[in-house]
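Subject: Two-chain model for your review

Dear colleague,

I am passing on the structure below and would be glad if you could look it over before reading my notes.

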Amino acid sequence: MAGPTLGTTDLMILLVLMRLGDEAYGVTIAREIEDSTRRPVALASVYATLDRLVERGFAVSELGEPTAERGGRAKKFFRITGKGIREVRAAKQSFVRLWKDLPQLG
Amino acid sequence: MAKQPPFGGQLLNRLVPNENHDALLGDLYEEYQRDRSVLWYRVQILAAIVVGSLKYVRRHWVLGLRAIGIGVATFLAYFYVVGILFLNHTHIISPPGLVGAFVMAETFFLLGFAVSGWAVVRTHRACGIALALPFAGLMCALTLSETVSSLLMPRSLTLWESGTLVVKLLGIPASIVLGGYFATRRAGIA
């Protein structure tokens with residue numbers, strides 16, 4: 001089986017999708033990333049990565065209902081697919097293999 | 001409920017083709033209602049324009065090459081036609097001093113870039129401003145390479161040359177984008 005093909009941002013967003021479950025849309029995803037990295041995130045970059053993940057079949061999207069608190073605009077919800085979960089698992093295994101037996105990393 | 005800062009949404013819809021704009025603008029509105037500043041909102045819109053355009057160019061790189069070709073051809077045509085007219089009438093337009101000559105020359109060039117930007121976007125109207133970016137990038141790269149080659153000579157840049165470089169590096173992309181803006185459709189991308 002070929003190794004994982006995910007970049008760091010892709011992997012981070014897939015993990016966030018798994019954590020957020022049904023509540024994953026632009027704002028919540030960006031907040032989660034900002035909280036964990038302590039760096040500001042451009043929402044457009046989040047959407048660019050999400051689009052790429054959807055194209056590669058690692059995530060799917062679904063439009064919600066328009067609400068007044070969003071100026072009458074709908075939320076776009078994202079969910080990780082089975083293929084996405086397998087890819088995250090493969091990435092984890094690769095990282096763990098590389099991590100092992102490195103005294104510098106404790 | 002605070003109103004959304006004006007023009008952001010219209011500008012984004014006008015300049016960049018993307019199916020996510022509605023959800024993105026909704027997210028920005030939601031965050032702006034929470035505790036974000038107008039500056040944050042404007043930076044996010046700018047980021048969306050840049051990210052969306054780059055993404056579009058990566059996907060349609062052949063169109064990007066064509067856009068560069070159209071931009072260069074338009075600039076050369078402008079340079080040739082307007083330049084000859086300009087040279088034939090220098091006795092009428094005689095700028096006062098060195099600064100006047102500099103301002104006139106830079107205006108001539110930047111106007112040419114604006115016309116080229118307009119032509120690039122006008123011939124790729126469905127792509128918004130996206131395809132003006134590779135042309136702007138190439139022109140900036142050429143300007144920088146010219147500077148780098150002059151730096152390889154055994155002398156440093158004079159203050160005058162440094163000033164000219166800054167004007168060009170800021171002015172070229174700004175002129176191309178401004179020219180392109182006038183070629184986009186008012187009601188949004190087709």
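This is a predicted model: local features need pLDDT of at least 70, side-chain atom pairs count only at pLDDT 80 or more; totals for chains, interfaces and linings use all residues.

Residues are numbered from 1 along each chain as its sequence is written, and chains are lettered from A and ligands numbered from 1 in the order in which they are written.

On confidence, the predictor assigns the complex an ipTM of 0.86 and a pTM of 0.79. Chain B has an average pLDDT of 84, with 88% of its residues scoring at least 70, pLDDT being the predictor's confidence in each residue, from 0 to 100.

Chain B contains 7 helices and 0 strands, where helices (H or I, at least four residues) and strands (E, at least two) are DSSP runs numbered from the N terminus. Of the 190 residues in chain B, 32% are buried, that is, with 20 or more other C-beta atoms, placed from the backbone, within 10 Å of their own. Among the contacts in chain B with a separation of 6 or more, 87% join residues 24 or more positions apart; a contact requires that the two C-beta atoms, placed from the backbone, lie within 7 Å.

At the interface, 16 residues of chain A are in contact with 19 residues of chain B. On the side of chain A that touches chain B, α2 (26-37), α3 and β2 (73-80) each supply at least two residues, and α3(A) gives the most, with 6 residues. By class, that side has 7 nonpolar, 3 polar and 6 charged residues, counting Ala, Val, Leu, Ile, Met, Phe, Trp, Tyr, Cys and Pro as nonpolar, Asp, Glu, Lys and Arg as charged, and the others, Gly among them, as polar.

Within chain A, α2(A) and α3(A) pack at about 105 degrees with their axes 10 Å apart. The contact involves A:G26, A:I29 and A:A30 of α2(A) and A:L43, A:V46 and A:Y47 of α3(A).

Best regards

Notes:
A residue is buried if 20 or more other C-beta atoms lie within 10 Å of its own, exposed if 12 or fewer, and partly exposed in between; C-beta atoms are placed from the backbone. Axes are lines fitted to C-alpha atoms, for helices over the stretch in contact, and angles run from 0 to 180 degrees between N-to-C directions.
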